[in-house]
Protein chains: 2
Amino acid sequence: MKYSNAPIGVFDSGVGGLTVAREIIRQLPQESVVYFGDTARVPYGSKSKDTIIRYSRQIVHFLQTKNVKAIVIACNTASAFALEAVEAELDIPVIGVVKPGAKTAIETTKNKRIGIIGTEGTIKSELYTKYIRGIDPEIEVVGKACPLFCPLVEEGMLNDPVTDEIASRYLKDLKEENIDSLILGCTHYPLLRSTVGKIMGEGVNLVNPAYETAVSLGKLLEEKGICAEAEHQSEYSFYVSDAEEKFKAFANSIMPFHIELIEQINIEEY
Amino acid sequence: MKYSNAPIGVFDSGVGGLTVAREIIRQLPQESVVYFGDTARVPYGSKSKDTIIRYSRQIVHFLQTKNVKAIVIACNTASAFALEAVEAELDIPVIGVVKPGAKTAIETTKNKRIGIIGTEGTIKSELYTKYIRGIDPEIEVVGKACPLFCPLVEEGMLNDPVTDEIASRYLKDLKEENIDSLILGCTHYPLLRSTVGKIMGEGVNLVNPAYETAVSLGKLLEEKGICAEAEHQSEYSFYVSDAEEKFKAFANSIMPFHIELIEQINIEEY
């Protein structure tokens, strides 16, 4: 049995990917994690494919300076746009959040009708749709962009009648589509799980790609023989491209431990 | 009398500064304008001073390649954070949107109580407050950040009960402050003028820095002897740092003429 105690690199456009890092830390407590949040250039959701690929390349170069053994693209837009480009350049495994979430939705749908909500970039790219229908062409996939969800989450309006009203509008068409699985296709959205669940009703299974990604990562590390040793004392480091105060406040509101040290770097140099 | 037909450089974090460009074009029809919207790195409102200065310097270097005779920082956050740093490096005049708006509010307030709404960055910087109280220390300035206003405008929700509800919450405390002038301290906010006006009531004068900035620019060009000739056929060019489709749609919804040609550049190279 081979082992590696090197850290896992996790990156996102900002704070959202912390929901993925949180699942990795919970499910794989022996693994060290280096997290990078591109807070100087957030959000990615409304930016073009070329820009997202350029940004992702810079981040991967930075993470390589930390000797990561695997990279998790904890951002739906970057997973949709940049996974292939990044994968082609690296000799370590890379996973995004799109495939694990899509796979679970395919496994759980009974009526072969899946919904997907996310940012404009994620929905427009149709990568979830293409991936799902590549595996099972009989499945219908219905997408809906929800651009106000991220700013509402970052305003802390998780349980609020305004958020309920906006969610009702965004989800109105989806409710009429008779879907039985709905992918929460943006890393902020698991924090709106109860709002979305209330509107969609009990008949719709909500798929959280953050959870599924951590499961897939665990399997991947085993396959490649690069898990950390069971008694390995894991370490967590956090880097951002802009001032760390806001990141720190959000991180400490959702992570299971207190984060004090967050380092700011100039990502454009990588 | 001296003249210059060189263009005026105008920049913003994205589409918002078009409300300023629109005023310049309306008030100074003989002047050519080169507009740059940093759509790859939008928004600036939640980013730090150092990052905003770095971004502004890159943009100024780009505008200099277009031989601009003056620069307008059509972004409140960049005006608040980067005006001095940029000014110190240039031998052409630079104006921001903060001072013209603040001056008008000082001139119009009768009870010496001014309100200011804007992004987190603009409000936290307190630059409006410092500037106003530097001129008249008896004036009280009350600021309030409205982080959801920009995403609501970009969703086109200009006249909407949800926008009314969010505006009511944001403006609740300000209403109790007995202000008689309110500065719309973000370039998107003039598009919410009627919503804000309805809530604040007729007793509160709304100050639009876009309008005031164009007035100040006209005076500045005259002082420096660098106005365009009266019969000069002005030209308008638009550049962005990300894909131009979304910019084009928004631009064409608010500008008085149709914009077809928008060029994308890599701003990180400047």
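**Figure 1. The surroundings of V94(B) in a predicted model.** In this predicted model, V94(B) touches I71(B), I73(B), L83(B), V86(B) and E87(B), leaving aside residues up to four places away in sequence; a contact here means heavy atoms within 4.5 Å. V94(B) sits in strand β4 of chain B, residues 94-96. Helices (H or I, at least four residues) and strands (E, at least two) are DSSP runs, numbered from the N terminus. With a relative accessible area of 6%, V94(B) counts as buried. The cut-offs are under 20% for buried, over 50% for exposed and partly exposed in between, with a 1.4 Å probe and protein chains only. F250(B) is 156 residues away along the chain from V94(B), and their C-alpha atoms are 26 Å apart.

Figure 2. In chain A, V42(A) and P43(A) are joined by a cis peptide bond with omega about -5°. P43(A) belongs to the loop between β2 (33-37) and α2 (49-64) of chain A. Now for chain B: the bond from V42(B) to P43(B) is cis, with omega near -5°. P43(B) is found in the loop between β2 (33-37) and α2 (49-64) of chain B. For background, most peptide bonds are trans, and most residues other than glycine have a negative phi.

Figure 3. N67(A) isn't a glycine, yet its phi is positive, near 55°. Look for N67(A) in the loop between α2 and β3 (70-73) of chain A. N67(A) is exposed, with a relative accessible area of 57%. E126(A) is not a glycine either, and has a positive phi of about 55°. E126(A) is in the loop between α5 (120-125) and α6 (127-135) of chain A. At 44% relative accessible area, E126(A) is partly exposed.

**Figure 4. Chain A, for context.** Chain A has eleven helices and ten strands. Its C-alpha atoms fill a box of roughly 50 × 40 × 35 Å along the principal axes. The radius of gyration of chain A is 18 Å, which agrees with the value near 18 Å for a compact globule of 270 residues. That radius is taken over C-alpha atoms, and the globule rule is 2.2 Å times the number of residues to the power 0.38. Buried residues make up 60% of the 270 in chain A. Among contacts in chain A with a separation of 6 or more, 77% are between residues 24 or more positions apart.

**Notes.** Residues are numbered from 1 along each chain as its sequence is written, while chains are lettered from A and ligands numbered from 1 in the order in which they are written. In this predicted model, local features need pLDDT of at least 70, side-chain atom pairs count only at pLDDT 80 or more, and totals for chains, interfaces and linings use all residues; side-chain values use heavy atoms, with hydrogens and water left out.
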